[in-house]
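Here are some notes for a colleague opening this structure for the first time. Have the sequence at hand and turn the model as you read.

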Amino acid sequence: MSRFSGKPGRQGPRGLQGPAGPPGASGPQGPEGRPGVAGLTGPTGPPGAPGASVTGSPGPAGPPGLQGRPGITGPAGPQGPPGEPGVSCSCPDIKAIQDRLIKLELAINYRFVRKVGQKYFVSNMERRSFEKAVGFCSQQGLKLALPQNEEENNVLTEVFGDVYKEVWIAVKTEKEQGNFTLDVNNQPLTFTKWQAGQPDASIKDTGCTVVSEKGLWKVNKECYLNAFIVCQI
């Protein structure tokens, strides 16, 4: 062998790959990857088994509900024992007071109002025929005036004006039915104040009675003429 080394030769060609070596040791864990894209919704699974039934504690009471309809009236109960005797009272007659108030409420609606005893005479100071006078009072729920005494008769004349001085009164108009001795309800007259020569004997069938000047009564054949209308309450 020579004591002197020569220059390195040129690199030779790559050799064939050798067999795989044994696995190396595991390396350290890499960083966490980014979240993947959400997958599609899977099909609905079958219903689960019923859970155990457990009754909870009652909740708080709710607000009151609406009032229900009245129930059917029950049968009458047995009669109670008699009450104690009432105490005698000298109280005013309530019904009489109510009647007077009702009359007063009606009366104040008219231009002419006169009170005699428990009776009111009322008028709007209008003059019409006897038939219309009766009809007007009836429509008001009243009756045509008929004086029952001298005081009432005189009060009727207070409706007179300076010119017209006759007012119709409720005496029966048919002569053959009482010869002017009945009122329009076929009751006998309890007070009259006929003028001399009245009732007029010349009237054969129908006549209508007025109170004229000085409170004297007379029968007119002309019931269509106008005289004052006075009703009584």
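The points below go through the pocket, the charged pairs and a few backbone details.

1. **Before you start.** Please keep in mind that this is a predicted model. Residue numbers start from 1 along the chain as its sequence is written.

2. **What lines the pocket.** Which elements each supply at least two residues of the lining of the largest pocket? They are helix 2, residues 130-139, and strand 4, residues 143-144. Helix 2 gives the most, with 3 residues.

3. **Charged pairs.** Side chains of opposite charge can pair when their charged atoms come close. In this model the count comes to 4 salt bridges. Three of them are described in the next points, and each can be followed from one element to another.

4. **E158 and R114.** These two form a salt bridge in which the closest N and O atoms are 2.5 Å apart. E158 sits in the loop between helix 3 (150-156) and strand 5 (167-168), while R114 belongs to strand 1 (residues 112-116), so the bridge ties together parts that are 44 residues apart in sequence. E158 is partly exposed, at a relative accessible area of 42%. R114 is also partly exposed, with 30% relative accessibility.

5. **E152 and K119.** Here the side chains meet in a salt bridge with an N to O distance of 2.9 Å. This pair, too, links distant parts of the chain: E152 is in helix 3 and K119 in strand 2 (residues 119-123), 33 residues apart.

6. **E166 and K218.** A further salt bridge joins the side chains of E166 and K218, at 3.1 Å from N to O. E166 is in the loop between helix 3 and strand 5, and K218 is in strand 7 (residues 217-220), so this pair connects parts that lie 52 residues apart in sequence. E166 counts as partly exposed at 22% relative accessibility. For K218 the relative accessible area is 22%, and this residue is partly exposed too.

7. **A buried lysine without a salt bridge.** K172 deserves a look of its own. You will find K172 in the loop between strand 5 and strand 6 (208-211). K172 is buried yet has no salt bridge. What is the nearest side chain of opposite charge to K172, and how far away is it? That side chain is E174, 4.1 Å away, and a salt bridge needs the nitrogen and the carboxyl oxygen to be within 4 Å. The side chain of K172 does have a polar contact of 3.0 Å with the side chain of N186.

8. **S138 in helix 2.** S138 is placed in helix 2, the helix that gives the most residues to the lining of the largest pocket. With 51% relative accessibility, S138 counts as exposed; the cut-off for exposed is over 50%. S138 and L156 are 18 residues apart along the chain, and their C-alpha atoms are separated by 19 Å.

9. **A cis peptide bond.** Now follow the backbone from Q198 to P199. The peptide bond between them is cis, with omega near -5°. P199 is in the loop between strand 5 and strand 6.

10. **Positive phi values.** N179 has a positive phi of about 55° although it is not a glycine. N179 lies in the loop between strand 5 and strand 6 and is partly exposed at 39% relative accessibility. K214, another residue other than glycine, has a positive phi near 70°. Where is K214 found? K214 is in the loop between strand 6 and strand 7, and at 71% relative accessibility K214 counts as exposed.

Notes
This is a predicted model: local features need pLDDT of at least 70, side-chain atom pairs count only at pLDDT 80 or more; totals for chains, interfaces and linings use all residues. Side-chain values use heavy atoms; hydrogens and water are left out. Helices (H or I, at least four residues) and strands (E, at least two) are DSSP runs, numbered from the N terminus. Buried means under 20% relative accessible area, exposed over 50%, partly exposed in between (1.4 Å probe, protein chains only). Lys and Arg count as positive and Asp and Glu as negative; His and the chain ends are not counted. A polar contact is a pair of N or O atoms within 3.5 Å; within protein, one must be able to donate a hydrogen and the other to accept it, and residues adjacent in sequence count only if both atoms are side-chain atoms.
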